[in-house]
Amino acid sequence: MGDSVFLLDGKPFQMISGEMHYPRVPREAWRARMKMAKAMGLNTIGTYVFWNLHEPQKGKFDFSGNNDVAEFVKIAKEEGLWVILRPSPYVCAEWEFGGYPYWLQNEKGLVVRSKEEKYLKEYETYIKEVGKQLAPLQVNHGGNILMVQIENEYGSYGNDKEYLAINQRLFKEAGFDGLLYTCDPASAIANGHLPGLLPAINGTDDPAKVKKMISENHGGKGPFYIAEWYPAWFDWWGTAHHTVSAESYTVRLDNVLSAGISINMYMFHGGTTRGFMNGANYDDNHPYEPQVSSYDYDAPLDEAGNATHKFMLFRQVIAKHLPAGQTLPPVPAAKPTIAINDIKLNRSAGILDILPKPVLNKTPLTFEDLNQNYGFVLYHTVLTGGKTGILKLNELRDYAVIMINGEEAGVLDRRHNQDSIELVLPSGKVKLDILVENLGRINFGPYLLKNKKGITENVKFDGKEIYNWKMYGFPFSQVNSGIIYKAKLSGNTPVLRKGTFRLSKVADTYLDMRKWGKGVVWVNGHNLGRYWSVGPQQTLYMPAEWLKKGNNDIVVFELLKSQVNSLSSRKTAILSELQ
């Protein structure tokens, strides 16, 4: 590490990096995406490591399949790319709970991002497992990991230097004995920087300001690194698709590279936040804002891994700054796409017909009480009817479908601070069912520890608390076993619909969900993510790698429009339509 530039094998080295997260890209496509990175001129890839993927339940670790981050790093090396590793237990990243596993909330007294004893114990266990996978791949051990980040924008959250020093110690004990760094927005760099480590800056690209802020926190010297440079942004449900013009950022990129500053684009390629892994924003000034499944991010490489206009312009800028004698490889052609017409989903299973074994309790239990990470929980009780009143769900998290005697009666949406609905109950005993969806735990800000899901307090009808609940968990970790699908559907309730479609060739495609209301789609067992008619995202990317010639299985869990039973796919995404 020189006073103004990074040194690699004793020679000046400018990192031109792009962020790309291994779980947001099918494992089968990692190499192809990295070839695209090389074609744009990148020499480095940045990635977070996601605790909730690797330790989904306490003490049970998983580094297989799409979670095989060591293989991701090794493929990068084979493709001639260095890696910047960001394995902080907290990642933000528009990811469920900012990367924390849900079960941390069940450890009584545990406080994330703190010196609290239980948190540090779990942190240590986790980071040592990560170290076993990745520490041997550091550059000082012959690998391609150049730098490792401790914590993540901590200065926006706190300013405890003792806590940051514990982070450093735990990383070193886990085997991360190379170059460690911190990253923070310019306004928070003093809070988040640990003296002795390299401070990096996020969200600022004025070369003079970057050099001033970093040198002020690093003994008057560099090297200078923008850890998150944002030529794009993410989306959340019910707001316009975010785009950032390429032209407005080419000059800024040129200025940064001309100043000799190293850079990491956030994102170079976003991909897709599949399954139930999207996070949400929430603070005292904004409503609850769950993020969409597409993490296209208006990034240089689009959701499917194709070059955009932004990619081509950035490539031209980077080409100007290549070392003498170097040229960029040609840009791979756009991937083929197909459209699939009229996929019939002619088998169905109503949610009330496939109830698992219930948990009984006087008051409603949260997802965490039920040891359930993601998905849905159905709350059931019986009321005495013959009256009209307000049903109130105190601290609903996050979305509820209300059913009376097996028929949908309305919905409640935390985004709009909805927690009450007027119900007219028929006479006699009345079955009340409330299906609650976890729409994603908060991933940024002061409320990381207020992230329990389900009905988190109580339910009242006509002002009186309701007791004696049965709770049925639907984590939907898989939908191809144990569920009996029938040819006919009875009632108007949330429903699983299943079908098959035949392909003579496989290629990327986008499921068009505009006829549907709200739900989740699985293809060949892969959870493609959520759809919701409120937009802006109206399609779900279906990667070629997960399709096969011949028959393909598809399952849709639909909350609102139970009678819809067909869909089609198209050759292009729709990421910008609001209801």
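A93 is buried, with a relative accessible area of 3% (buried means under 20% relative accessible area, exposed over 50%, partly exposed in between, for a 1.4 Å probe and protein chains only). The model is predicted, so local features need pLDDT of at least 70 and side-chain atom pairs count only at pLDDT 80 or more, while totals for chains, interfaces and linings use all residues. Residues are numbered from 1 along each chain as its sequence is written, and side-chain values use heavy atoms, with hydrogens and water left out.

A93 is not a glycine, yet its phi is positive, at about 60°. The residue sits in the loop between strand 5 (82-86) and helix 4 (117-134). Helices (H or I, at least four residues) and strands (E, at least two) are DSSP runs, numbered from the N terminus. E151 also has a positive phi, near 50°, and is a residue other than glycine. E151 is buried at 2% relative accessibility. Its loop runs between strand 6 (145-149) and helix 5 (161-173).

Two cis peptide bonds are described next. One runs from G222 to P223, with omega near 0°. P223 is placed in the loop between helix 7 (207-216) and strand 9 (225-229). Another joins R397 and D398, with omega about 20°. D398 lies in the loop between strand 18 (396-397) and strand 19 (399-404).

N67 occupies the loop between helix 2 (51-54) and helix 3 (69-78). N67 is buried, at 11% relative accessibility. A polar atom of its side chain lies 3.4 Å from the backbone oxygen of L53. With neighbours within four places in sequence left aside, N67 is in contact (heavy atoms within 4.5 Å) with Y22, L53, H54 and D62.

The whole structure was searched for cavities, and three of 30 Å³ or more were found. On a 1 Å grid over the protein atoms alone, a cavity is a set of points where a 1.4 Å probe fits but cannot get out, and lining residues have an atom within 4 Å of a point. Volume is the space filled by probe spheres set on the points, which are joined across faces, edges and corners. The largest cavity holds about 40 Å³ of space. Its lining is formed by Y90, R113, N152, E153, S156, Y157, F444 and G445. By class, this lining has three nonpolar, three polar and two charged residues. Ala, Val, Leu, Ile, Met, Phe, Trp, Tyr, Cys and Pro count as nonpolar, Asp, Glu, Lys and Arg as charged, and the others, Gly among them, as polar.

Technical notes:
1 Å grid on protein atoms, 1.4 Å probe; cavity = no way out; pocket = protein on both sides within 12 Å on 5 of 7 lines; lining within 4 Å. Polar contact = N/O pair within 3.5 Å; in protein donor to acceptor, adjacent residues only side chain to side chain.
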